[in-house]
Amino acid sequence: MEYEVVVGLETHAELATVSKLFCGCSTKFGSEPNTQVCPVCLGMPGVLPVMNKKAFEYALKAAIALNCKIREYTNFDRKSYYYPDLPKNYQISQNYHNLGVDGSMDICVHDRVNRIRIHNVHLEEEAGKLIHPEEAGADYSLVDFNRAGVPLLEIVSYPDMRNVDEVESYMQTLRKILLYTEVSDCKMQEGSLRFEASISLRKKGSEKLGNRVEIKNLNSMKSVLKAIEYETKRQADSLDRGETIDRETRLWDEVNEKSARMRSKEEAQDYRYFPEPDLLPVVIDAKWLDEVKVTIPELPLARKQRFMEVFKLSDYDTSLLIEEKILADFFEGCIKIVDRPKAFCNWITNDLLREVNDRKLDIHHLPIRPKQLAALVEIIEKGTISSTIAKEVFSEMIQTGKDPQAIIEEKKLAQISDEGFIEAVIVKVISGNPAVIEDYKKGKKNALTFLVGQVMKETKGKANPKMVNELVQKKIDA
Amino acid sequence: MRLFEYTALQIKEKIISGEILPVDLVKQFIEHIKIIDPHVQAYLNLHEEDALQKAAQIQKRIENAEKVGYLAGVPIAIKDNICTKGLTTTCASKILRNFIPPYDACVVKRLKEEDAIILGKTNLDEFAMGSSTENSGYKITRNPWNLEYVPGGSSGGSAAAVAANLSIMALGSDTGGSVRQPAALCGVVGVKPTYGRVSRFGLIAFGSSLDQIGTFTRDVKDAAVLLQVIAGHDIHDSTSMPVPVPDYLREIDSGVRGLRIGIPKEYFAAGLNEDVHNALKDALRKYEQLGAKVVDISLPHTEYAVAVYYIVANAEASSNLARYDGVRYGYRTSKSNGIVDMYCRTRSEGFGNEVKRRIMLGNYALSSGYYDAYYLKASRVRNLIKGDFDVAFQKVDCIVCPTSPVPGFKIGERAKNPLEMYLSDIYTIPANLAGIPGISLPCGFSKEGLPIGMQILGRHFEEEKLLQIAYAFERETDFHRKKPVLKFSPTQKE
């Protein structure tokens, strides 16, 4: 039988605030265990949460960027479950009045724009981390609460995705939006961006949704896609055998690339949500909403479309440019100085990205500024250096952070356009290669290219190639 | 007069003037406590050394004519569900037997800043759940007026301490009457401020939307003095309100002429003890003599208050008490097999029966499929109860009613019947549900010689007016001056 896969995603993104959601502790990643904790995030008796306004605004920003309806009144709820990494054994989250609801995000798959609906966006606190000792037979586990209380954004999509390409695009687009709005650093390897998928199958053409299976423990986008493929096959096989799919939660085993049952629907937790009495409801008035709205930059898809329209760049080029906000910003910085979009696009997507990869540079701390690349392009346009020399200069700029003009002067790389000098070199080359001249006269036209090359070699590539071409031609035709 | 019989206002003047030395005062208190408290059992922990040290410090500063705080040298007792940095804070629960908070509650910090001297931590019903202080995991506190009677609860230790001269004042907490009811039963003044008036930071939560720290004092003026110190916004408690704190003593003498006092008919219905009823009638007559107008009012949703309370409070408690799991602090079972077993054993062994009962009731009310019928419905009825008060306060300046339906009950009398125990708070619970302030002050004695409390309720943040109305009565009466005569020979221990 032919089936259609139906996928919805739950995304957790740690917000990039300096301090935690309900206390002043640092959110820095990778510190010694339990060094970024206080009575509040440890859930000690008698302590109370106080909302981090910045975290709330970040969440608000993301909700607006995801086209959510923002409730004027929002509040927090306690979600109760027992787990040693959850200090209070309840998590302050949102359930009855989510911050943002009924949103949407456009994704682009095979050049087609597809709208995925967002069920809700809400803010909650992160849990700590269990550390299981490696020694065999250990009868204990340790808990690190550094992460407990870090602000966490949860984005719940509708089951609007129908294949892995859409899921991949959804994850990539969402990641970019969170990066563009600067609300999360989205470092998957540090766990600051995580996905959970719910997957169901239905007969092709059917409207009715099948029983959904939730998959947890997906550590990378790759795992998400693999898990969906695995799960699609598993469910299809089951259905083909005439079995029914149980509503359950399964854990993804990354090593064996398999999913296994974690708990059935009957075992599902009863979270006993009720309004958090320790926090006041948050009222979002029009003024505040406007203040947050203006901090939202142009989002990736809109930017891509604008780049294509205004700068006449290709779909492929713009995709590369907008991949990282910092690159697109860099591009726009250059454009403001010199209007050469194609040239900058090439420099950024080819040379700059190559240097970044080769030298393993942090893209957020580039050693050069748009002003410097613009200067380089201007120098090339003026004919001061050839494009070959320009690559050398660029590489030097990345290494030293110096201005192109300074490098050219220091290394005496300026193009030679002195006719007398070039002619003298040509004469020397011709006199040293009488056989080549003979060949040329016999009609071997590529002998000319050889001579030009020799002249360029003599001048260490600095001679103006156009002039060399003309003068060599003139000389041997004479 | 012995030193420990003075009020805070009197003692603080004598300390500043040098007439009384703080160290002598603390010594007298400790001596007195050591004789009396074995019979009353008000304290869980005495902080003799800390108190003496602090007293010596203050004494030195006074001698050097240095600046001292508003409560310089005044001894105070703290209910043991309020965190004191470096001092055990148990909530009278075995589960927190060894818990030493690394922080002070906001109120404790403010008391320390004003140079009050903390004598010790007082007994309570475990996690403040009870109306008799019989539910303590450690000891049963007795009513100083008659040692066979309960002191009320849950702040029974604090109430008994003030009544028996074991402290000049004390702090308690009031979730459904836990300050006002024991104040009434012990014949002292108890104030439950408006929800949001006093920071809850460091008060170990029971019912977070109801809890409020309150005061126990020997008279109304001392209540004003103590409230002055602890009231006001705190950035660590989002539910504490940034409302200015007035000078509570400034208008306290203004009397009640022209004020309208509301009498809710629902509070004078069947079940009200005759002695209590008569004492209240006399009090109202007194108020009329003083120029107030007594008006009949109705609070029609009163009959639902106890039911609503036991859903809301227990639901919040079930969640607030989830953190006592043996993972990070407090009691942990000695042997267990896996994490779930550790949780179960720790909590089974650490909590007492009443606490377990409420956790179960609370979890039930919040569980999926029951939430709407219980918690949500209770929240809606709670709003109706609030509405009753809003309507009433459009007509009257305050409401006067009994604090407790009975003058007291004997130890063990109600312990076997939780429902009967829950009804002890029938007149105090509505103020917590509505978040309004209330005060209980002595207004008479029963035939058995037990004190009777009168409760005055006011509008949100109108503690000043409540104190004024209470003081107008106190000024004209002597009930607050009567002291219990402890019925045991001072040398004999039980």
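1. A quick definition before anything else: a crossing of two helices is right-handed if the near helix is turned clockwise from the far one by less than a right angle. Keep in mind, too, that this is a predicted model.

2. With that in hand, look at helix 9 of chain A, which passes helix 10 of chain A in a right-handed crossing. Helix 9 covers residues 370-382 and helix 10 covers residues 387-400. Their axes come within 10 Å and cross at roughly 160 degrees. Angles over 145 degrees count as roughly antiparallel, so helix 9 of chain A is roughly antiparallel to helix 10 of chain A.

3. Who does the touching here? On the helix 9 side of chain A you'll find Gln372(A), Leu376(A) and Ile380(A). Helix 10 of chain A brings Ser387(A), Ala390(A), Val393(A), Phe394(A) and Met397(A). Sorted by class, this contact has six nonpolar residues, two polar ones and no charged ones.

4. Now for the annotation. An unreviewed UniProt entry lists residues 329-476 of chain A as "domain: Asn/Gln amidotransferase". In the model, that span is 74% helix and 0% strand, and its end C-alpha atoms lie 50 Å apart.

5. Last, the contact between the chains: 36 residues come from chain B and 26 residues from chain A. On the chain B side, the elements giving two or more residues are helix 9 (305-320), helix 10 (339-350) and helix 11 (353-366) of chain B. Helix 9 of chain B supplies the largest share of that side, three residues. By class, the side of chain B that touches chain A has 20 nonpolar, ten polar and six charged residues.

Key
Residues are numbered from 1 along each chain as its sequence is written. Chains are lettered from A and ligands numbered from 1 in the order in which they are written. This is a predicted model: local features need pLDDT of at least 70, side-chain atom pairs count only at pLDDT 80 or more; totals for chains, interfaces and linings use all residues. Axes are lines fitted to C-alpha atoms, for helices over the stretch in contact, and angles run from 0 to 180 degrees between N-to-C directions. Helices (H or I, at least four residues) and strands (E, at least two) are DSSP runs, numbered from the N terminus. Angles under 35 degrees count as roughly parallel, over 145 as roughly antiparallel, 65 to 115 as roughly perpendicular and the rest as oblique. Two residues are in contact if their C-beta atoms, placed from the backbone, lie within 7 Å. Ala, Val, Leu, Ile, Met, Phe, Trp, Tyr, Cys and Pro count as nonpolar, Asp, Glu, Lys and Arg as charged, and the others, Gly among them, as polar. UniProt positions are given in the numbering used here, feature names are shortened, and annotations may be inferred rather than shown by experiment.
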